[in-house]
Amino acid sequence: MVSAVATPPPVLLSPPHLGGAEIGTIEASFAEGWLAPAGPVPAAFEHAVSIATGFRHVLATCSGTAALHLAYRCLDLQPGDHVWCPGFTFAATISPAVQMGAVPRFLDVDEACWTLDPAALVQELRAAARTGRLPRVVVAVDTYGQCADLPALAAACDPHGVALLSDSAAGMGATRHGRHAGHGARMAAFSFNGNKIVTTGGGGALASDDPLPIARARHLARHAREATAHYQHDTTGYSYGLPSPLAAVGLAQLPLLAARVAARRAIATRYALGLADVPGVRLMPESPNGRSNRWLTAIRVDAARFGMDREGLRLVLEAAGIEARPVWKPLNLQPAFRSVAHAPLPVAERLFAEGLCLPSGSAMAPEVQARVIAVIHDAHAAARRD
Ligand SMILES: *Cc1c(COP(=O)(O)O)cnc(C)c1O
């Protein structure tokens, strides 16, 4: 050992939080001989997701992105079709559609909730209807665990016959208007990636109250293989199932969902209280008619009032062994989507300039979080002295 001073372990943004029962459910799956993405273990996991989300039909997938890809296939997205989504999101919301040859367009989010702005969508759809360039699909996104306003978005889409899809990858356990994330869209995609609120390591789910798209997605996820002894395929499919050991992890994780949401909400509350007296720092607002799962606590840093910009603060945190990450860089600013059309995105761009996600893992101890809060206080005090 060379180090004389003990450095505290790094504080990560959102590491997986195991509950302890995972090894047992994996062993049970192994003992029954189930390893493949088939059989009773993924089926049991699908049932558990159905109970947790209130969706009648669920397909477990190997990732949230795979669930989104299957959703686009089930909506029969064709090359040249237009797909709209918020510019303020993770690239995977739209990547599968782009790979299918669709034409994306990015819309702005609402400053009050950081989710797709229903009023802007109404205007955009009216304008598109006049020019005959309506999108085939509008995708809403649950921002950092805050549900999009799906009833309002569906009311905008329905008169034009436009399908609404929900990227609820980060929405497990969150509600809006009293309903679980994803309800109000034709289909919802969830993620159980290692950084999400409950996890299978890597995994996802596609959910709907309509049995038809989920049956179709199930077929496509298994190579579009028909029920014949030889291999026969009615179309090209994917290998998108969730392997049994990962589904087993999910069976141990899902019962913890309510506790994980409570822990993340408590973390957001501690940040709100701990940072209340820091000028120029405010938390992502929670929609008045929703209950966010607070997957990630995001703050906005007003550089003039705080004394440094969000990147300055991020570097101070990094130097203290604390992982913070800028909020999503808007899709219109991404090299991958350089040539994509977009509405003006002033809110998304301002959020990127000012927004920072703070460590939010549900296993983070209050003392550890107190250190994060103290570093932010110190950064402000030091910036004011300079
Ligand atoms: C995590 C996430 C995804 C992707 O999910 P994976 O399971 O990692 O494929 C898509 N969209 C959003 C908004 C996410 O947060």
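Is glutamate 111 buried, partly exposed or exposed? Glutamate 111 is partly exposed, with a relative accessible area of 33%. Here buried means under 20% relative accessible area, exposed over 50%, and partly exposed in between (1.4 Å probe, protein chains only).

The model is predicted: local features need pLDDT of at least 70, side-chain atom pairs count only at pLDDT 80 or more, and totals for chains, interfaces and linings use all residues. Residues are numbered from 1 along each chain as its sequence is written, and side-chain values use heavy atoms, with hydrogens and water left out.

**View 1. Domain 1 and domain 2.** The protein divides into domain 1 (22-256) and domain 2 (257-385). These bounds come from an automatic or database domain assignment. The domain centres, taken over C-alpha atoms, are 26 Å apart. In contact (heavy atoms within 4.5 Å) are 44 residues of domain 1 and 39 residues of domain 2. Together the domains bury about 3700 Å², 63% of it on carbon and sulfur atoms. Buried area is the accessible area (1.4 Å probe) that two parts lose on being put together, summed over both.

**View 2. The side of domain 1 that touches domain 2.** Across the interface, 24 residue pairs are in polar contact, both residues at pLDDT 80 or more. A polar contact is a pair of N or O atoms within 3.5 Å; within protein, one must be able to donate a hydrogen and the other to accept it, and residues adjacent in sequence count only if both atoms are side-chain atoms. Strand E2 (82-86), helix H4 (95-99), strand E3 (103-107) and strand E6 (175-176) each supply at least two residues of this side of domain 1. E3 gives the largest share, 4 residues. By class, the residues of this side are 25 nonpolar, 12 polar and 7 charged. Ala, Val, Leu, Ile, Met, Phe, Trp, Tyr, Cys and Pro count as nonpolar, Asp, Glu, Lys and Arg as charged, and the others, Gly among them, as polar. Helices (H or I, at least four residues) and strands (E, at least two) are DSSP runs, numbered from the N terminus.

**View 3. The salt bridges of glutamate 111.** A salt bridge is a side-chain nitrogen of Lys or Arg within 4 Å of a carboxyl oxygen of Asp or Glu. The structure holds 12 salt bridges. Arginine 300 and glutamate 111 pair at 2.8 Å, N to O. Arginine 300 lies in strand E12 (residues 297-301) and glutamate 111 in the loop between E3 and helix H5 (118-131), so the pair ties together parts 189 residues apart in sequence. Arginine 300 is buried, at 5% relative accessible area.

View 4. Across the domain interface the rule finds 2 salt bridges. Glutamate 111 also forms a salt bridge with arginine 350, with the closest N and O atoms 2.9 Å apart. Arginine 350 is partly exposed, at 35%. Glu111, Arg300, Arg350 and Glu354 are linked in a network of salt bridges.

**View 5. Arginine 176 and aspartate 149.** This salt bridge has its closest N and O atoms 3.9 Å apart. Arginine 176 sits in strand E6 and aspartate 149 in the loop between strand E4 (137-141) and helix H6 (150-157), 27 residues apart. Arginine 176 is buried, at 9% relative accessible area. Aspartate 149 is buried too, at 14%.
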